[in-house]
Amino acid sequence: MKRFAVHMRAFFRTLTGRARHRRSFEQVFDNFREVLERNNRSLEIITSMGDTLGGDYLFDIQYVRRSYEDLHAAMIGSIDSFTRLTQNNYPQLAGVLAGIDARIRHGIEETFPESKDLVFPYERITGERLHDVGGKNANLAELRNVLKITVPEAFAITTGAFDAYMRHNRIFDRIGLPLEGGALPDDQLRELYELVLHGVMPPELSRAIEQGVQQLKPRCVGCSIAVRSSAGEEDGAFSFAGQFDTVLNVPLDAQEIEKAYRKVIASLFSGKSSVYQTRLGLQLKDMKMAVACVAMVDAEASGVLYTRDPGGDRNNMVISASWGLGAVIVEGQAGADLFTVSREEEHGQVGARIGSKSSMLVPAAGYGVVTVATPVEKQMQPSLLPAQIAELARLALTVEKHFRRPQDIEWAVDRSGRIVFLQTRPLSSVDDRPPAPLEHHDPVRPVIARGLGTAVQKGAAAGKVHVLKNERDLDAIPRGAILVARHDSSHFVRVMTEVSAIITDAGSPTSHMAALCREFRIPTVVNAAGATDLLVTGQEITVSVDSTGATLYAGRDQQLVERASQDESTMEELFEFRKKRYLLRSIAPLNLIDPLRDEFTPQACRTMHDILRFIHEKSVSSLIEYAEHGVRSGTVRLDLPIPAGITLIDIGGGLDNPTHVSHVPTEQVTSAPLRAIVSGMTHPGTWRSDAVPMQVQDFMSSMLRVPDLMSDSRGGVETNMAVISGEYAHISLKFGYHFIVLDCFCSTNARNNHIYFRFTGGATDIAKRSRRLQLIAQILEHYGFTMGTKGDLIVARLANRPQAEMLTVLDQLGRLISFTRQLDAVLNDDHAVTHYVQSFLDGSYAYAGSSAQS
Amino acid sequence: MDKHRIMVIDDEKIVGDMAKLSLEQEGYQVETFLNAEPALKRLEEEKFDVVVTDYKMKGIDGMEVLRTVKDRYPATQVIMITAFANLDAAIEALRRDVHDFFPKPVKIKELKASIKRALGKQG
C-alpha cells in the first residue's frame with residue numbers, strides 16, 4: 001500500500017511538473033548542506049540567547065529584540081532551504097513557525113491579543129491557549145488531554161471574557177484613573193472592586209457560559225461547580241497562591257455561575273491581592289483573569305502534594321491530607337496529616353505525622369461549604385491509605401516529568417477511591433543548591449529552642465517577636481518583626497514585605513501561606529507547636545531555619561543573618577528576569593524527540609528548536625530518498641577484498657583522482673564515512689566467504705520469498721551502490737535476500753552528523769530473521785542508536801556525535817553488516833542471540849560451522 | 001567597615017534588578033534608578049563609590065551623568081554600559097575619564113571585576 005502511494009506521488013509529481021528527477025543529486029546535496037548551515041545558524045542564536053538569558057549577563061529588551069530578529073530571520077532561512085530540498089512537502093511548517101513567532105513577539109512586547117473565545121471546554125484547550133485560559137485551566141487541561149490523568153469535568157472562562165466584561169461595564173473609564181504605577185488608594189480600590197462585583201454581564205458572555213453549562217450537564221449529572229481564578233501565568237511566574245476568591249459548590253446553572261464569576265474576578269482588585277501585585281510590580285490595568293469552572297469532587301479526602309520536599313530532603317515528596325474538601329489544608333487551618341514519601345519507584349513512606357483533623361470542610365446543602373466536626377473515630381485515622389499514597393506519588397511524578405519542574409499539586413480522592421487532580425503548578429523556589437551552612441553561630445548566644453517545627457523557607461532573620469492574637473491586628477505589626485501566630489494564613493501576605501520571619505504553632509508546609517513565604521523568601525517554620533507560648537511580643541531573637549526546623553537564639557545575631565542571606569537569592573526570583581526567560585520556553589526546549597513516533601509532525605512543533613529538529617530529520621529522509629532514486633550516472637567500481645561489489649558515485653571529494661577510471665582501490669576513497677564502513681566490512685574474520693548450511697525450512701522460505709522486497713531498489717541501478725562525498729556516504733546494499741541502507745553525514749561539526757541505518761529481509765524463516773533483527777537492535781542500542789522495528793524491518797538513527805565517534809561507530813556498523821550477512825541461519829534460539837551479541841561486542845566474529853577466523 | 005555603595009542607573013528595570021541582586025551578593029550596598037534625574041539628586045545626599053550607568057536614556061543620558069559625576073564627585077568611578085557597541089561614545093567616555101565601558105549584554109562577572117578595580121583605584 002505504501003509502495004503504491006509512493007508511486008502515485010511520483011506519478012502526480014510528473015503531472016504537476018514537480019519532477020524530482022530533474023534535479024541532480026549534487027544539487028540536492030548542496031541544498032541539504034545549506035539546510036544544515038542555516039539550521040546551525042539558528043541553533044547558535046538559540047544557544048547564545050540561552051546563555052545570555054541564563055543569569056550571568058545583564059541584558060535589556062533591545063538585546064532580546066535584536067537576538068530574536070536574528071533568530072527569526074535564520075529560521076525563515078532554514079525553512080526556505082528545507083522547502084526547496086523537500087519540494088514543499090511540508091507546507092504547514094511555515095504556519096507553525098508563524099504561530100510560535102506570534103507568541104514570542106507578544107511575549108517580548110508584552111502585548112497579548114484579546115481572546116476571541118469567551119468560554120473553552122477543557123477538551124479544546126491546547127498549549128497555545130495558555131494566555132487565554134490562564135495557568136490553572138491550561139495545566140489542568142494538559143493533565144486531562146495529554147497525560148490522561150483524571151481531572152474534574154470543567155470549562156474555562158477566558159481572559160477575553162474578562163476584557164469583554166470590563167469593557168461592557170466601562171470599569172476603567174468610570175474609575176477614571178491613570179492606573180500607571182503604584183498601589184491604588186484604598187477607597188479607589190474598594191470602588192473598583194464594587195464596580196466589578198456588581199457589573200452587568202455582556203450578553204455574549206452570558207450566552208457562552210450558558211453553552212458551557214449545557215455542554216457540561218450530560219457529563220456531570222447532579223454535580224455542582226467550583227468557580228476559581230486562573231490568573232497565574234503559564235509556568236507560575238508568580239503563584240498567586242490564595243490571593244483570589246474561590247466560590248465552592250455553585251449549582252450547575254448559568255446565572256449562579258455568573259454570580260460566582262463576578263465575585264471571583266472582582267477579587268483581582270481586592271486589597272489582599274493588590275498588595276501582592278504591587279509587590280511584584282504589576283499594573284492593575286494589565287491584570288487579566290481567566291476563570292476555571294470545575295465540577296466539585298465528592299471528596300473523601302483531599303490535600304496538597306509537593307513533588308520535592310521544599311524544607312527537607314529533596315529526594316522526598318510531601319503530601320498533606322485531610323478528610324473532606326482540601327481548602328482547610330491550603331488555608332492551613334486544620335491539623336492535617338503529613339506524609340513524607342520517597343521519590344524512588346516504590347514510593348515508600350519516609351515519615352508520617354497524623355494530624356488531629358478536628359474539623360473538615362464539606363459541601364453545604366445547596367450552595368457553598370461548611371466546616372463540620374470530624375467524626376471522632378476518623379480524627380486520628382490516616383486520611384490516605386498506603387496504596388493511595390503510592391499511586392498519588394506515581395501520578396505526581398508523571399506530572400513533574402511532563403512539566404519538567406517540581407510541582408505543587410492539589411488532589412482529591414473521591415468516594416469511589418479514585419484519585420482526581422484539581423490543580424498543578426510549579427513549586428516555587430525549590431532550592432536546588434545545598435543549604436548554606438548555618439552552624440557557625442555565636443556559641444555563647446543562648447539557644448531558646450532547637451529543631452522547632454517544619455521548615456517552609458530556609459534562611460535566617462533577627463528582630464522583635466510579635467505574637468499575633470487576632471488576624472484583625474495584622475496591620476499593627478511593626479516593620480522587621482518576627483511574626484508568631486497560632487495558624488498560618490494567606491492573609492499574612494499583607495505584611496509579608498514587613499515581617500522578617502514567620503513562625504506558626506500549627507500549619508502546613510503546603511499551604512498558600514507557605515507558597516507565598518517561599519516566593520517572598522521569608523524564613524518560615526510551621527508546626528512549631530508552643531511557639532506562641534514560648535515567645536513574647538517585644539522579645540528580641542534570631543531565627544535560623546534549615547531542614548531540621550528553626551533554631552531560635554536569644555538576642556540579635558546580625559552576622560548569622562548576613563551569612564544566611566548571602567547567595568540565597570537567584571536571578572530566577574526577579575520577576576522581570578523571569579518574564580524575559582519565559583520567552584525561551586517557546587524557543588529552546590526540545591519536545592520533538594523521537595522521529596519514529598506518529599506525532600513527529602509539523603503540527604507537533606511547539607518551539608523553534610522543535611522546528612529545527614523536524615527540518616533536520618526530514619532533510620535526512622529527503623536526502624536518503626534522493627540517493628536511492630535520483631542517481632544515474634558517473635559510476636565507478638570499488639575494488640574490495642570481499643565480493644561485496646559496490647559501485648560508487650562521487651558527488652565531490654569522495655575519491656582521490658576519480659577521473660575516467662572504471663575501478664578504484666579502497667586507498668583512493670577519501671570519503672571519511674565510506675572508508676570507515678569499508679574498513680569495518682573488511683575487518684578480518686567478519687566476512688564469511690563460505691556458505692552457511694541452511695536448514696530445509698530456511699531453504700523453502702527463501703524459495704517463497706520475493707527478492708524484490710523493496711521496490712526502492714529499482715532495476716538499472718547497481719544493487720550495491722554508494723553515493724559519496726568527503727563527509728557523506730549513502731550506501732545501499734543487497735545481500736541475497738536482505739537489504740541494508742546506510743546514510744551518514746560525518747563532519748567536524750557534531751551537530752550536523754547523522755547515521756541512518758535500515759535493515760530488512762532475509763532468506764531464513766521468520767523466527768530466525770527476527771532473531772537477527774533482535775541481535776542487530778541490541779548491538780545498535782549498545783552504540784546509542786534509537787530505533788524502531790516493524791516486522792522484519794529495523795530503522796535506526798544516531799545523530800550529533802563528534803566525528804571521531806561517528807567513524808568508530810561506522811567501522812562497527814561495517815563489521816556488523818559483514819558479521820550478520822549469514823548469521824540468521826545459525827540463530828536457532830534466543831540464547832544464540834545473547835551469545836552472538838556478546839561475542840560481537842567482544843570482537844569475536846566466528847560462528848557455527850564458520851571457517852572464518854576471528 | 002561600611003559597605004561600598006554602588007549606584008546603578010538604567011531605564012530598564014531588569015538591568016537594575018539583576019545588577020542589584022548580583023552586586024549585593026558581593027556585599028555592596030546597591031541603589032538603582034530608572035532615570036538619571038533622581039539619581040543625580042541622590043548623589044547630592046550620599047557618597048557613592050561607583051556609578052554604573054546606561055549610555056542611552058531619556059532625559060539626562062549616560063554621558064551627562066558621567067560629566068556631572070566627574071565634575072562634582074571626582075573620586076566616584078563611573079562605568080558605562082550601552083545597548084550597542086558604539087565606538088564614538090566609548091572614545092568620548094574615555095576622554096571623560098570613564099572607568100570602564102561595556103556593550104550589553106554585559107557579563108556580570110566582568111562587571112564585578114571592573115567594580116573591584118574601580119574601588120581599588122579609588123583607594
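**Burial and model basis**

A residue is called buried if 20 or more other C-beta atoms lie within 10 Å of its own, exposed if 12 or fewer do, and partly exposed in between, with C-beta atoms placed from the backbone. Thr371(A) counts as partly exposed because 16 other C-beta atoms lie within 10 Å.

This is a predicted model, in which local features need pLDDT of at least 70 and side-chain atom pairs count only at pLDDT 80 or more, while totals for chains, interfaces and linings use all residues. Residues are numbered from 1 along each chain as its sequence is written, and chains are lettered from A and ligands numbered from 1 in the order in which they are written.

**Chain A overall**

Chain A contains 24 helices and 31 strands; helices (H or I, at least four residues) and strands (E, at least two) are DSSP runs, numbered from the N terminus. Of its 854 residues, 47% are buried. Among contacts in chain A with a separation of 6 or more, 68% are between residues 24 or more positions apart. Two residues are in contact if their C-beta atoms, placed from the backbone, lie within 7 Å.

**Surroundings of Thr371(A)**

Thr371(A) belongs to strand β12 (residues 369-373) of chain A. Not counting residues up to four places away in sequence, Thr371(A) touches Ser359(A) and Leu361(A). Its C-alpha atom is separated by 9.7 Å from that of Leu325(A), 46 residues apart along the chain.

**Nonpolar cores**

A nonpolar core is a set of buried Ala, Val, Leu, Ile, Met, Phe, Trp, Tyr and Cys residues joined through C-beta atoms within 7 Å. The largest has 137 residues, and Ile677(A) and Leu810(A) have the most contacts inside it. Helix α2 (residues 25-56) of chain A gives the most to this core, with eleven residues.

Leaving aside neighbours within four places in sequence, Ile677(A) is in contact with Ala729(A), Ile731(A), Leu742(A), Leu810(A), Leu813(A) and Gly814(A). A second, separate core of 85 residues includes Leu130(A), Ile265(A), Cys293(A) and Tyr306(A).

**Interface between chains A and B**

At the interface, 18 residues of chain B are in contact with 17 residues of chain A. On the chain B side, the elements giving two or more residues are α1 (13-24), β6 (106-107) and α5 (108-122). The most come from α1(B), with seven residues. This side divides into eleven nonpolar, one polar and six charged residues; Ala, Val, Leu, Ile, Met, Phe, Trp, Tyr, Cys and Pro count as nonpolar, Asp, Glu, Lys and Arg as charged, and the others, Gly among them, as polar.

Strand β1 (residues 57-58) of chain A and β6(B) run antiparallel and are joined by two bridges; strands pair if DSSP finds at least two bridges between them. Leu58(A) stands opposite Val106(B) of β6(B).
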